[in-house]
Structures are given as C-alpha cells and as structure tokens.
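Hello! Here are a few notes to read beside the model. Please keep the viewer open as you go through them.

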Amino acid sequence: MKQQAVSTKWKPGQSGNPLGRPQGSRSKFSEAACADALADWTTHGKDTLARVRQDDPSTYLRVLFSIIPKDIAVSIEQRTGPLDSQEMRSMRRLVDLIHAAGATGLEPEMVFAWIEDDLRARLAKNIPDAGQVAETVG
C-alpha cells in the first residue's frame, strides 16, 4: 500500500511566519519574572531565607545549591578541605604563570601533565649505572 503525501499549506523551505518571532518577545516574560522576583527578594528575601533555614534546612540547602553556578558547585563538591592563604597564593601564581606562558587555550589536563612531567624530570635523582657502582665500590 502506497502512502499519500500529506498536503500542506506551505512548500518545503517556506515559513508560515516569514517575519519570525518579534525580537525580544521570548525574553519579555523572563525579564518581568526576574524583576518581580527581585522586588519580592528585596522586600522579603532576608527574612524568608532565615525562616526557611530554620524551618526546613533541606529546602534551604537545595535552593542555595540550585543557584550556585555549576562550575563552582563541582569544585565545592570535590574539595577535601579549604585551601589556606599560602596555598591560595601558590594557586594564583600557578594560574598567572599558565596565562603568561600562553597556555590558556589548551586543555587544562594537558597543561597539568606537562607541568608534572617537567617537575618529575627536574627533581629526578640520578641513578648511577652498574659500571659506576663497581668503580666506587672497588
């Protein structure tokens, strides 16, 4: 049995709305919702936050973690403990060196592997070969 092609009003490649969606129409709702939320937060936010923290700590934490940018949340979850100020300065210096070397567009894992390889090579202990050992013993 052969299927019949469904007749449509529009030809292939032809839009039913050639002018498209009006610019900004999608964002109008979200802009208004954000403005309303900001106004409500400005008026009641601190008190509401304190009340939810006291009455329902799990909701309080769920909301806080839902608004934290994902890259920060991941680093918080993976951290075994806070860095002290010297460690933070060392990390800042390392990041500055990576940027100064022009390695900012590279995969971080590759850059860290290079750093690790270089450190291992520089800090490796020289192991004498068997001939040198025989000379020093004999």
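**Notes on the helices and the pocket**

1. Residues are numbered from 1 along each chain as its sequence is written, and side-chain values use heavy atoms, with hydrogens and water left out.

2. Helix 4 itself covers residues 85-100, 16 residues in total. Its span from first to last C-alpha is 22 Å, close to the 22 Å expected at 1.5 Å a residue (1.5 Å times one less than the number of residues).

3. Stepping back, the protein has six helices and zero strands, in the order α-α-α-α-α-α. Helices here are DSSP runs of H or I with at least four residues, and strands are runs of E with at least two, numbered from the N terminus.

4. Which residues line the largest pocket? They are Met91, Leu94, Val95, Ile98, His99, Ala103, Thr104, Leu106, Pro108, Val111 and Phe112. Helix 4 and helix 5 (108-123) are the elements that give two or more residues to this lining, and helix 4 gives the most, with five.

5. The lining has nine nonpolar, two polar and no charged residues (Ala, Val, Leu, Ile, Met, Phe, Trp, Tyr, Cys and Pro count as nonpolar, Asp, Glu, Lys and Arg as charged, the others, Gly among them, as polar).

6. Buried residues (under 20% relative accessible area, 1.4 Å probe, protein chains only) make up 4% of the 138 residues.

7. On confidence, the mean pLDDT (the predictor's confidence in each residue, from 0 to 100) is 77, and 74% of residues reach 70 or more. Where pLDDT is low, the predicted coordinates should not be read in detail.

Notes:
Predicted model: local features only at pLDDT ≥ 70, side-chain atom pairs only at ≥ 80, totals over all residues. Buried < 20%, exposed > 50% of the residue type's maximum accessible area, 1.4 Å probe, protein only. 1 Å grid on protein atoms, 1.4 Å probe; cavity = no way out; pocket = protein on both sides within 12 Å on 5 of 7 lines; lining within 4 Å.
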